[in-house]
Amino acid sequence: MHTDPPSAPAGAPADDARHQRVRDAVRQLVAEQGVNVSMDAIAARAGCSKQTLYARYGSKQALMHLVASEGMAATRLPPAPTAASLRKALVTFAEDHLAYLAEPRTLGTARLVTIQAQEFPEEVAAMYQNYVGALLDRLGGWLQQAMRRGLLRHDDPHCAAELLLGMIVGLDFDRQRHLAPHRDTPEARSRWAEFAIDSFLRAFAPPASRT
């Protein structure tokens, strides 16, 4: 059973220069140190006080959740699926997600977090929920809308979302982690994205209407 992560105070964040410095500091430190990042280190890297961070974001957990949510914004989906936009929206989502996974910082963070899983199990589990879990929930909700509109066959939307994410990622992230040849160009990733989405849409095509 998942619990909702704490929310940041209503007055934070804003897309201002200070918040951008804090966000960049968190991402840099997690890539360098993994999940065991202190508010002192974040404050020092961002050039502000620890008290400012607590006043603005409430807690380290809330700050980490906020930065994770913003990091996944690159893989956003349109507000509502339509027959005309369904395939294009999913292909764009797949391309964005593959591009995010191909970033050196993403790969480095994944390797570091895997190493730290035994030492910091709660923090690693929270990072999973903030990134993958949140993305899975958001994609499942979007697919549920498409099912309700008759654009996809009715099924468990969260199982469909998990299947879709697996089809999109394939083995390429594992290839990168093991330094094996992988899809290292936008063109190669786009071809795979289209293949994965077309395969998914065939598997979840709505039943043909009877006349």
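**Exercise 1. Is R56 buried or exposed, and at what relative accessibility?**

*Solution.* We are working with a predicted model, so let us begin with the value computed from it. R56 has a relative accessibility of 16%. Buried means under 20% relative accessible area, and R56 therefore counts as buried.

Next, look for a partner. The side chain of R56 meets that of D16 in a salt bridge, at 2.9 Å from N to O. D16 sits in the segment before α1 (17-33), while R56 belongs to helix α3 (residues 50-57), so this pair ties together parts that are 40 residues apart in sequence. D16 itself is partly exposed, with a relative accessible area of 28%.

**Exercise 2. Work out which charged side chain comes nearest to R189, and whether R189 is with or without a salt bridge.**

*Solution.* Start with the location: R189 is found in helix α10 (residues 186-203). R189 is buried. The nearest side chain of opposite charge is that of D172, 6.4 Å away. A salt bridge needs a nitrogen to oxygen distance within 4 Å, and R189 has no salt bridge.

Now see what surrounds R189. A polar atom of its side chain lies 3.4 Å from the backbone oxygen of R183. Leaving aside residues up to four places away in sequence, R189 touches L98, A99, A102, R183 and D184.

**Exercise 3. Describe the ring pair formed by W192 and F195.**

*Solution.* First, the count: there are two aromatic pairs. In the pair of W192 and F195, the ring centres are 5.5 Å apart and the planes stand at 40°, so the pair is tilted. To follow that step, recall that planes under 30 degrees apart count as stacked and those over 60 as edge-to-face.

Then place the two rings in the fold. Both residues are in helix α10, three residues apart, which is about one turn of the helix. W192 is partly exposed at a relative accessible area of 22%, and F195 is also partly exposed, at 48%.

Finally, check for a charge over the ring of W192. R183 lies over the face of W192, 3.9 Å from the ring centre.

**Exercise 4. Find what R153 pairs with in a salt bridge, and over which ring face R153 lies.**

*Solution.* Take the charged partner to begin with. R153 forms a salt bridge with D155, and their closest N and O atoms are 2.5 Å apart. R153 is partly exposed, with a relative accessible area of 27%, and D155 is partly exposed at 41%.

Turning to the ring, R153 lies over the face of F204, at 4.4 Å from the ring centre.

**Exercise 5. How many salt bridges does the structure hold, and which residues are linked in a network?**

*Solution.* The total is nine salt bridges. R87, E194 and D198 are linked in a network of them. Another salt bridge joins the side chains of R177 and D174, at 3.4 Å from N to O. R177 and D174 are three residues apart in helix α9 (residues 172-177), about one helical turn.

**Exercise 6. Summarise the fold of the chain.**

*Solution.* The secondary structure comes to ten helices and zero strands. Of the 211 residues, 39% count as buried. Among contacts with a separation of 6 or more, 71% are between residues 24 or more positions apart.

L66 counts as buried, at 14% relative accessibility.

How values were computed
Residues numbered from 1 in each chain as written. Predicted model: local features only at pLDDT ≥ 70, side-chain atom pairs only at ≥ 80, totals over all residues. Heavy atoms only, no water. Helix = DSSP H or I, 4+ residues; strand = E, 2+ residues; numbered from the N terminus. Buried < 20%, exposed > 50% of the residue type's maximum accessible area, 1.4 Å probe, protein only. Lys, Arg positive; Asp, Glu negative; His and termini not counted. Polar contact = N/O pair within 3.5 Å; in protein donor to acceptor, adjacent residues only side chain to side chain. Contact = heavy atoms within 4.5 Å. Phe/Tyr/Trp six-rings, centres within 6.5 Å; stacked < 30°, edge-to-face > 60°. Lys NZ or Arg CZ within 6 Å of the ring centre and 35° of its normal.
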